Amino acid sequence: MTSLVIQTAFLGDVVLTTPLLEALAARHGPVDVVTTPAAAPLIEPHPAVRRVIPYDKKGRDRGWRGLVNLVRGLRAERYECAYLPHRSLRTALAAWLARIPRRVGFDDGWRSLYTDIRPRAKQGHEVDRLLALADVAAHRARPSLYVPLADRVATEGFLREHGMQGRFVALAPGSIWGSKRWPYYGALAERLAGRVGIVVVGGPEDAGLAAEITEAVARSGGHAVSGCRRLTVRQSAEAIRRAAVLVTNDSAPLHFAQAVGTPTVAIFGSTAPSFGFGPRGPRDRVVELEGLPCRPCSAHGPPSCPLGHHRCMKSLRVEDVLQAIEETGALRRRD
Ligand code: SF4
């Protein structure tokens, strides 16, 4: 029996769903997954996945016609069970219209369209909350990603071509939500560049931010390269895996680093680790401003600071982040 998982949320959410995929695959074999075109290449190589069905809900498959096409395809597969971690009406409708007899979702979703309802824990890490969908108790599972050899080789070639043969720090300055972007990555990169190489990672939309960082480092005589628009999503995961440490906002690269085992310094502004999306490796560190009354101010982080001052991020100094990097031990001299 092949199970279906429909997870069309953000890239990071898909990465956090991988322990659920593994738990389901351990019971009945690899699962089929409906996900976004952005996330599809990331989970296609995963051993817990039999087949990825890309669903471009904001593009080619937008609207009712796209949903009907998806439903037709799912119905033809005759799945017996669908797991629905994303509390989305479209997701619930797709499984219901596809006549999948068992549909497992959370109690804060579309209950009338599910056959099995699981309580979504208010506390705890998102990985553990998602595992509850398969009745698996929390056990500090880590997300996982598998990068095929061709992408590993391509990433190595990219790094070599840009002179990144030694140890480097990866920086992920982007976020869809403006209030979650820490504004001092350029200054941090300048401070680090005297000691290590700098590789900026992110999506094509982060290329401008990345250019500001690489130009700042070049002006100060250091060495930095941007992978934005040059590395695919799998190759970005590989670049993060090869990094000594990743410095990131509360965004998808944080979860990539957790999946590939790279020490992480996560900078939180308008959101908080208590929401369940923080790093939890023994060497990981969180940088945040505690005691700010307006913080956290929304579940995802607003596009810009509603109070105008963005103190949650602007008060976090380069020195605070440097200290956190030191605490990971990632840049200690190797004997
Ligand atoms: S309201 Fe507070 S927590 Fe929200 S973005 Fe502004 S400073 Fe940050």
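How far apart do the C-alpha centres of domain 1 and domain 2 lie? They lie 28 Å apart, with the domain bounds coming from an automatic or database domain assignment. Welcome to this predicted model, in which local features need pLDDT of at least 70, side-chain atom pairs count only at pLDDT 80 or more, and totals for chains, interfaces and linings use all residues. Residues are numbered from 1 along each chain as its sequence is written.

**Overall build**
- The protein has 13 helices and 12 strands, where helices (H or I, at least four residues) and strands (E, at least two) are DSSP runs numbered from the N terminus.
- Its radius of gyration is 20 Å, close to the 20 Å that the globule rule gives for 335 residues, so the protein is as compact as a globular protein of that length. The radius is taken over C-alpha atoms, and the rule is 2.2 Å times the number of residues to the power 0.38.
- Along the principal axes, the C-alpha atoms fill a box of roughly 60 × 50 × 40 Å.
- Of the 335 residues, 47% are buried, meaning that 20 or more other C-beta atoms, placed from the backbone, lie within 10 Å of a residue's own.

**Two domains**
- Domain 1 covers 4–134 and domain 2 covers 149–328.
- Here 13 residues of domain 1 are in contact with 13 residues of domain 2; a contact has C-beta atoms, placed from the backbone, within 7 Å.
- On the side of domain 1 that touches domain 2, two or more residues come from each of helix H1 (11–16), helix H3 (40–43) and helix H6 (126–131).
- H1 gives the most to that side, with 4 residues.

**The largest nonpolar core**
- Ala170 and Ile198 touch the most other members among the 94 residues of this core, a set of buried Ala, Val, Leu, Ile, Met, Phe, Trp, Tyr and Cys residues joined through C-beta atoms within 7 Å.
- Helix H11 (residues 252–260) is the top contributor to the core, with 6 residues.
- Each of domain 1 and domain 2 supplies at least three residues to this core.
- Beyond its neighbours within four places in sequence, Ile198 is in contact with residues including Phe168, Leu192 and Val217.

**Around the ligand**
- The ligand is surrounded by 14 residues, and the closest are Cys294, Arg295, Cys297, Cys305 and Cys312; a residue counts as near if its C-beta atom, placed from the backbone, lies within 6 Å.

Definitions and conventions
Buried ≥ 20, exposed ≤ 12 C-beta atoms within 10 Å, placed from the backbone. Contact = placed C-beta atoms within 7 Å.
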